[in-house]
Amino acid sequence: MTDTCVIVPTIREYECVREYVANAREHGHADRLFFLLVTEDFCDVDAMEAMLDELDVEGDVFDGTAREAWYEANGMAQYGHVVPAASHAETSFGLLYMWAGDFAYGFFIDDDTLPHETDFFGGHYANLARRGEITQVSSDERWVNVLYQNAEEHDLYPRGYPYAAMDETVEETTTELSSGDVVASQGLWTNVPDLDAVRILMDGDLEGLAQTRTTADDFGEDFVVASGDYLTVCSMNLAFRRRIVPAFYQLPMDDNEWDVGRFDDIWSGVFLKRAADLVGDYVLTGTPLCEHNKAPRPTFDDLNDEVPALELNEHVWEVADGVTPEGPRASRVASPAENAVGDGADAYRAAFAAMADAFADGDFSEWTNGEFLNFVGEHMRDWLAALDALEADARVAPEVAADD
């Protein structure tokens, strides 16, 4: 029975879906999957729909016009602005669709990736059901480099990792997981690493890629990041439980007066980690790996998108870290139990609402383009209102089983 929404933002390489379907069918997961392709009016929607029909999988394709019609049909036309136009952050539409459809699980897959010859979907399902002992990582900078396991060799930090948190000292311990504790499974990537433009330039590459590449040998055992510490969350290879959707809004990028881009999944990952810490849940990182085949493009184009928010990126996590549903908090989270706000989607909503207020109402004038954080906070509030509107209106998405 279909219980999983696979969200693929695409304007070019939609054929990657064939490889993911083949992998799912080989390992017995295809019947669980609904493929949602989020694209643009200038793309070949007919070809995408024909591909899904040919593959004989459940799914749908939404360009800009179709999204607007979906908003109208679901009684939330006034909230269409929460999903920016022509932006990778359009993955938020997939979250709305998933919420309306009562899917139990979601996957984010970028169209420039391919699965390795392992059980891709099964690996993520297993991670979300993980229980027992697992490596837990923390650092003296309160940030964990998800590429830390072979960093002495490649010296890479992923896109969005704060520059002030570099040269950290990592500590590995263990923790015990109970079934259902893992709410997100972040798979990492071989071939082209996910780096920001500054680090790509430092690596000597002008085509938006990297001279340094990663292989499966760069990654060890799966791990979780300790409560109170943060990590970068990349949405190119990610599975998650339904209950985090209220706190996992992919933030409004590109279509804004500050020209800020490329921090949608990074900042949403910060907010998710803070919410998960409050609830007592975990984000697991490691396998299953994907092959990242990023297309060449000018590194300076990415730099222009990132520069307006580089200073903000050094501080966004501090704002989120100072918030609980009861009000501002400056001190570090001591344990999940200390600040637990319940479980289920309502707990994630409460945590996200508190962060939305902090950003919408805060004074960030000391930072370049600080007003953008107020803009983000207002959109975070609207995100929660959009979810409320979906719950209140008749649902148009397919009926699927929920397990959360």
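This is a predicted model: local features need pLDDT of at least 70, side-chain atom pairs count only at pLDDT 80 or more; totals for chains, interfaces and linings use all residues.
Residues are numbered from 1 along each chain as its sequence is written, and side-chain values use heavy atoms, with hydrogens and water left out.

**View 1. Strands β2 and β3 with helix α2 form a right-handed β-α-β unit.** Helices (H or I, at least four residues) and strands (E, at least two) are DSSP runs, numbered from the N terminus. Strand β2 (residues 33–38) runs parallel to strand β3 (residues 58–62), with five bridges joining them; pairing requires at least two DSSP bridges. Look for Leu37, opposite Val61 in β3. Right-handed here says that, with the strands pointing away from the viewer, the path from the first strand over the helix to the second runs clockwise.

**View 2. Negative charges gather in a surface patch.** Its members are Asp31, Asp44, Asp46, Glu49, Asp53, Asp56 and Glu58. Helix α2 gives the most, three residues, while Asp56 sits in the loop between α2 and β3. Patch residues have over 30% relative accessible area (Shrake-Rupley method, 1.4 Å probe) and no salt bridge, with like charges joined within 9 Å. Asp and Glu count as negative, and each charge is placed at CG of Asp or CD of Glu.

**View 3. Arg67 forms a salt bridge with Glu90.** Their closest N and O atoms are 3.0 Å apart. Arg67 lies in helix α3 (residues 64–73) and Glu90 in the loop between α3 and α4 (91–101), so the pair ties together parts 23 residues apart in sequence. The structure holds 21 salt bridges (a side-chain nitrogen of Lys or Arg within 4 Å of a carboxyl oxygen of Asp or Glu).

View 4. Asn191, although not a glycine, has a positive phi of about 75 degrees.

Note on methods. Patches are made of residues with over 30% relative accessible area and no salt bridge: like charges are joined within 9 Å, nonpolar side chains (Val, Leu, Ile, Met, Phe, Trp, Tyr) within 5 Å.
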